[in-house]
Amino acid sequence: MAVVTGLTLVSPALAAGDAAKGEKDFKKCKACHAIVADDGTAIVKGGKTGPNLYGVIGRQVASTDFNYGDSIKAVGETGLVWDEAELAAYITDPKAWLVEKTGDAGVKSKMSFKLNKGQEDIAAYLASVSAQ
């Protein structure tokens, strides 16, 4: 019984988003972002304006070989790691997320796109792609 209870407590956090819906919704993201596995396999061909999103869930913020803005680099230097909830909050409003994390109302974000719905689904999709 304790095992079932434990699984019940964990599963809502994991099931917050629908990876299948997120895969479809990722088309909004691929103008700027690609998903390319570590071995070079292109999972989703996309733009290079934003960083490669393969493995983003579980990775330290702003820790890949990409020209990140100073504000998000400062957040990464705190050791914050992307999880589904943080990524969903970020893509809802990147500048507001940066203000919250840095405490600086004057921060600038290179990502101007805001996603009004489906954030949890895209985060779940990115988590599922990275887990393959």
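Figure 1. Helices (H or I, at least four residues) and strands (E, at least two) are DSSP runs, numbered from the N terminus. Buried denotes under 20% relative accessible area, exposed over 50%, and partly exposed in between (1.4 Å probe, protein chains only). The model is predicted: local features need pLDDT of at least 70, side-chain atom pairs count only at pLDDT 80 or more, and totals for chains, interfaces and linings use all residues. Residues are numbered from 1 along each chain as its sequence is written, and side-chain values use heavy atoms, with hydrogens and water left out. H6 spans residues 119-130, twelve in number, and reaches 17 Å from its first C-alpha to its last, close to the 16 Å expected at 1.5 Å a residue; the expected span is 1.5 Å times one less than the number of residues in the helix. Nine of these twelve residues are buried, so H6 is largely enclosed by the rest of the structure. The buried positions are Gln 119, Asp 121, Ile 122, Ala 123, Ala 124, Tyr 125, Leu 126, Ala 127 and Val 129.

**Figure 2. The chain as context for the close-up views.** Six helices and two strands make up the secondary structure of the chain. In sequence order, the pattern is α-α-β-β-α-α-α-α. The chain has 132 residues, of which 36% count as buried. Contact means heavy atoms within 4.5 Å. Among contacts in the chain with a separation of 6 or more, 42% are between residues 24 or more positions apart.

**Figure 3. Helix H4 and its residue Glu 86.** At the start of H4, a side-chain oxygen of Asp 83 reaches to within 3.2 Å of the backbone nitrogen of Ala 85. The buried residues in H4 are Glu 84, Glu 86, Leu 87, Ala 88, Tyr 90 and Ile 91. Glu 86, found in this helix, counts as buried because its relative accessibility is 17%. The side chains of Glu 86 and Trp 97 make a polar contact (2.8 Å). A polar contact is a pair of N or O atoms within 3.5 Å; within protein, one must be able to donate a hydrogen and the other to accept it, and residues adjacent in sequence count only if both atoms are side-chain atoms. With neighbours within four places in sequence left aside, Glu 86 is in contact with Leu 80, Val 81, Trp 97 and Lys 101.

**Figure 4. Packing of helix H4 against helix H5.** Two packed helices are described by the angle between their axes and the distance between the axes. The axes of H4 and H5 (residues 94-102) come within 5 Å and cross at roughly 120°. Axes are lines fitted to C-alpha atoms, for helices over the stretch in contact, and angles run from 0 to 180 degrees between N-to-C directions. H4 and H5 are therefore oblique to each other; angles under 35 degrees count as roughly parallel, over 145 as roughly antiparallel, 65 to 115 as roughly perpendicular and the rest as oblique. From H4, Glu 86, Ala 89, Tyr 90, Ile 91 and Thr 92 meet Pro 94, Trp 97 and Lys 101 of H5. The residues of this contact divide into five nonpolar, one polar and two charged. Ala, Val, Leu, Ile, Met, Phe, Trp, Tyr, Cys and Pro count as nonpolar, Asp, Glu, Lys and Arg as charged, and the others, Gly among them, as polar.

**Figure 5. Trp 82 and its contacts.** Trp 82 lies in the loop between H3 and H4 and, at 7% relative accessibility, counts as buried. Not counting residues up to four places away in sequence, Trp 82 touches Val 56, Ile 57, Gly 58, Arg 59, Gln 60, Val 61, Ala 62, Ile 72, Leu 87, Tyr 90 and Trp 97. The C-alpha atoms of Trp 82 and Gln 60 are 6.1 Å apart, although 22 residues separate them along the chain. Ala 62 belongs to the loop between S2 and helix H3 (70-76). The phi angle of Ala 62 is near 55°, a positive value in a residue other than glycine.

Figure 6. Asp 70 lies in H3 and counts as exposed at 63% relative accessibility. The C-alpha atoms of Asp 70 and Val 107, 37 residues apart along the chain, are separated by 8.6 Å. Ser 71, also found in H3, counts as buried at 13% relative accessibility. Leaving aside neighbours within four places in sequence, Ser 71 is in contact with Leu 98, Thr 102, Val 107 and Lys 108.
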